[in-house]
Amino acid sequence: MTDTTGTFPGARRPDRQRTVDSHGLAIAVHEWGDEAAPPILLAHGGFDFAGTFDVFAPMLADAGLRAISWDHRGHGDSQHAALYNWEADLRDAVSVFDSVTFSPVPVIGHSKGGSLMLQLADALPHRVSHLVNLDGLPSRRSFPDVSDHQRTKLMAQDLTSWLDHRRSLVNAQRKPGTIDELAERRARMNPRLGAEWLRYIVTIGAREDADGWRWKIDPTLRFGGFGPWRPEWSMMRLPDIGVPVLAVLGTEPDPMGWGTAEADVLSHLPAEGRLVMLEGVGHFVHIEKPREVTDMVMELLA
Amino acid sequence: MTGSVRLRHNRIELALHELRPAVGRPLLLLHGLAERSPGVVPAHLAGWPGAVWALDLTGHGDSDVAVGAGYFCEALMGDVDIAIAHLGAVTIYGRGLGAYVGLLAAGGRAEEVRGAILADGPGLAGGGPTPTSPAVPTAVGAPPPGGTPDPWALYELTRDVRPPDYAATFARQASTRSGLDTALAVVGVNRPPWLDAVIQEPGVIECPLAEAFELFASAP
């Protein structure tokens, strides 16, 4: 089979790949660095995959760590599930942790992965030695001031759209396209990331079928929608954390970001916590500034 | 039971059982947590004038288990919607978990749910109005012979958070979009916080079951 993996300056594919069985689902695990080096676990964001660490993780590996990440269920090379929820993602994470060590380890989480690791550190503090959160601290969102009537109408549209989507899922597939087309689609949600990077990650996070490239992510999954979850339910975990915490936020608005303000985090930081605001950077701090974030992580671990 | 059909909801096959054929809008029964559809029309529901069907929710009865779990009530609302796509307009009778899922379905498909009756039963409260201390269990015990109810469904659906204002939003959807003066009837005794909030909404009544049947059987 021809290797279709693209190239990007500084990007390196994992040194090892394997799967972990998590309650019947195959979770794809990717590792960079010496297998005997001290481990650090990395959790990616929603609609991402471990390959989005292809620049950041090699920097950690070159700094002397064994960087381990995994594709969340339904993402990247992990198996698609019948159902997805937060608790299941946490169990999958623990399955990966169990495959590495039962000792406390440093963890890094970006966006959704940051919130997941925050909850894991709160639930299982004996498994985490340091917590690095990269724009994964959802804060109470400020909704536009709309009337009750308008809000009811908007939710009706969300509900109908979601249920129509669920009715249409049998044998659903993602839309095929060229590498450039998939990169352009992703650019709508990742407008700050360059075209060269987006084209590169298409070759990791998508597969080439006879009729074109398709993102591997489960077509069941979609942006937006509704549910009982509130952003403050994540932030409320932060003060509980008893290990050293590094939180990194970019100051630039980004479609995938939470819009979390500095003050939202400072009021919840635990005693061993530090917040770094990166000026002129968006949601993907580890992609826009991988060297700076790596240096901060290594300083935390030192 | 006079027959069953298998319906696909994404990767899950659902079992929808016909308990009593009849002319007229079906009553769709939704069981409680860890229950399954009854084999015959329960005596206390025999007064419904139309057909009676019952759905096994994902992870329950003759429906598939979700491998790797990940159960949440909105997905079960999707189960109900798949049944509605097969049956057409229905009136819902939900017990416990089925009452909460019935509320969601009544809000989500307000034009096709011609009244929902919310009754006591297992799993009515869920995980309460706010998150509790986090936990990440990695084992919940072996499934029973036959595989259902899935122990993970029992675990997850007793921890799912049901904020009162969120539940009330679905009641509002049901009452404003169904065109019915009364869209929801609460016939049970227990009042977890989400149900307390639902009862405060216009278009929701508390009444005996017979009254709810009369109201919804004659609804357009």
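## Two loop residues with positive phi

A:S111 sits in the loop that runs between β5 (105-110) and α3 of chain A. In this predicted model, A:S111 has a positive phi of about 55 degrees although it is not a glycine. Is A:S111 buried or exposed? It counts as buried, because there are 25 C-beta neighbours inside 10 Å and the cut-off for that label is 20 or more.

With 27 other C-beta atoms within 10 Å, A:D135 is buried. For context, most residues other than glycine have a negative phi.

## Chain A as a whole

Chain A carries 10 helices and 10 strands. Its radius of gyration is 19 Å, close to the 19 Å from the globule rule for 302 residues, so chain A is as compact as a globular protein of that length. Along the principal axes, the C-alpha atoms fill a box of roughly 55 × 50 × 40 Å.

How much of chain A is buried? Of its 302 residues, 46% are. As for contacts with a separation of 6 or more, 74% of them in chain A are between residues 24 or more positions apart.

Strands β1 (residues 16-22) and β2 (residues 25-32) of chain A run antiparallel and are joined by 7 bridges. If you want one pair to look at, take A:R18, whose bridge partner in β2(A) is A:V29.

The hairpin has 2 residues between the strands, and A:H23 takes a positive phi there, near 55 degrees.

## Around A:P270

Further along chain A, A:P270 is in the loop between α8 (262-266) and β10 (273-278). It counts as partly exposed, with 15 C-beta neighbours inside 10 Å.

Which residues does A:P270 touch, leaving aside its neighbours within four places in sequence? They are A:L238, A:P239, A:I241, A:G242 and A:V245.

## Where chain A meets chain B

On the chain A side, 33 residues are in contact with 36 residues of chain B. The elements of chain A that give two or more residues to this side are α2 (86-100), α3 (112-123) and α4 (148-167). The largest share, 7 residues, comes from α4(A).

What is the chain A side made of? It divides into 19 nonpolar, 8 polar and 6 charged residues.

Helix α1 of chain B (residues 73-87) has 15 residues and reaches 21 Å from its first C-alpha to its last, close to the 21 Å expected at 1.5 Å a residue. Of the 15 residues of α1(B), 11 are buried, so this helix is largely enclosed by the rest of the structure. Among the buried ones are B:L76, B:M77, B:V80 and B:I84, along with B:D79 and B:D81. After α1(B) comes B:G88, with a positive phi near 85 degrees.

Chain B also has a cis peptide bond, between B:T148 and B:P149, with omega at about 0 degrees. In general, most peptide bonds are trans. B:P149 is in the loop between β6 (113-119) and α3 (151-156) of chain B.

Key. Residues numbered from 1 in each chain as written. Chains lettered and ligands numbered in written order. Predicted model: local features only at pLDDT ≥ 70, side-chain atom pairs only at ≥ 80, totals over all residues. Contact = placed C-beta atoms within 7 Å. Helix = DSSP H or I, 4+ residues; strand = E, 2+ residues; numbered from the N terminus. Nonpolar A, V, L, I, M, F, W, Y, C, P; charged D, E, K, R; others polar. Pairing = 2+ DSSP bridges. Rg over C-alpha atoms; globule rule 2.2 N^0.38 Å. Buried ≥ 20, exposed ≤ 12 C-beta atoms within 10 Å, placed from the backbone. Expected span 1.5 Å × (residues − 1).
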